[in-house]
Amino acid sequence: MFVCEYCGRDVEYSIAESALRIYCSNACKQKAYRERKKRSNSDFDNVLMWKCGDCGQKQFVEPSSACEFCHGDNWQAVKLSGRADF
Ligand SMILES: [Zn+2]
Ligand SMILES: [Zn+2]
C-alpha cells in the first residue's frame with residue numbers, strides 16, 4: 001500500500017511496480033507535475049516587493065506605515081522577474 005502524493009488516496013500495488021510509484025495514476029502524476037511547475041514559475045517570476053517612491057527603500061512586506069527613512073508613504077508595489085536586482 002502507498003498513498004498517492006497528489007490525491008492522497010491509498011493505493012494497492014504489486015511488488016513489481018512499487019519502485020517508482022508515488023502516484024495512483026498517470027493522471028495524478030501529470031497534474032502534480034504541472035502544479036509543481038506552475039508554482040515554481042510564479043515563485044520566481046512574480047516576487048512582489050514594495051518600494052518607497054521617494055527614497056527608493058525596498059522591503060518585502062506590505063508597508064503598514066510611512067517609510068522609516070524619508071517618512072513618506074508613497075509605497076509602490078514592484079514585481080521582480082527572475083533574479084532579484086538589489
Ligand atoms: Zn492520485
Ligand atoms: Zn522613503
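This briefing covers the fold, sheet, selected residues and confidence of one protein model.

The model is predicted: local features need pLDDT of at least 70, side-chain atom pairs count only at pLDDT 80 or more, and totals for chains, interfaces and linings use all residues. Residues are numbered from 1 along each chain as its sequence is written, while chains are lettered from A and ligands numbered from 1 in the order in which they are written. The protein has one helix and five strands. Of its 86 residues, 5% count as buried.

**Confidence**

- pLDDT is the predictor's confidence in each residue, from 0 to 100.
- The protein averages 81 on that scale, and 76% of the residues score at least 70.
- By element, mean pLDDT is lowest in α1, at 79, and highest in β4, at 88.
- Where pLDDT is low, the predicted coordinates should not be read in detail.

**Fold and contacts**

- Read from the N terminus, the element order is β-β-α-β-β-β.
- Helices (H or I, at least four residues) and strands (E, at least two) are DSSP runs, numbered from the N terminus.
- A contact means that the C-beta atoms of two residues, placed from the backbone, lie within 7 Å.
- Take the contacts between residues at least 6 apart in sequence: 28% of them join residues at least 24 apart.

**The sheet**

- Three strands form an open sheet in the order β4-β3-β5, with antiparallel pairing. Strands β4 (58-59) and β5 are the edges; each has a single partner strand, so one side of each lacks a neighbour in the sheet.
- Two strands pair if DSSP finds at least two bridges between them.
- Strand β3 (residues 47-52) pairs with β5 over six bridges, in the antiparallel sense.
- Within that pairing, C52 has W75 of β5 as its bridge partner, and L48 stands opposite K79 of β5.
- The pairing of β3 with β4 is also antiparallel, over two bridges. Here K51 is bridged to K58 of β4.
- The hairpin of β3 and β4 has five residues between the strands, and G56 in this hairpin takes a positive phi near 90 degrees.
- Strand β5 spans residues 75-80; zero of its six residues are buried, so β5 lies largely in the open.

**Residues to look at**

- The burial classes count other C-beta atoms within 10 Å of a residue's own: 20 or more is buried, 12 or fewer is exposed, and anything in between is partly exposed, with C-beta atoms placed from the backbone.
- C24 sits in the loop between β2 (10-11) and α1 (26-45). This cysteine counts as buried because it has 20 C-beta neighbours inside 10 Å.
- Leaving out residues up to four places away in sequence, C24 touches C4, C7, R9 and V11.
- C24 and F2 are 22 residues apart along the chain, with 8.5 Å between their C-alpha atoms.
- K31 belongs to helix α1. It counts as partly exposed because its C-beta neighbours inside 10 Å number 14.
- K31 and C7 lie 24 residues apart in sequence, yet their C-alpha atoms are 9.8 Å apart in space.
- H71 is in the loop between β4 and β5. It is exposed because 11 other C-beta atoms lie within 10 Å.
- The phi of H71 is near 60 degrees, a positive value in a residue other than glycine. Most residues other than glycine have a negative phi.
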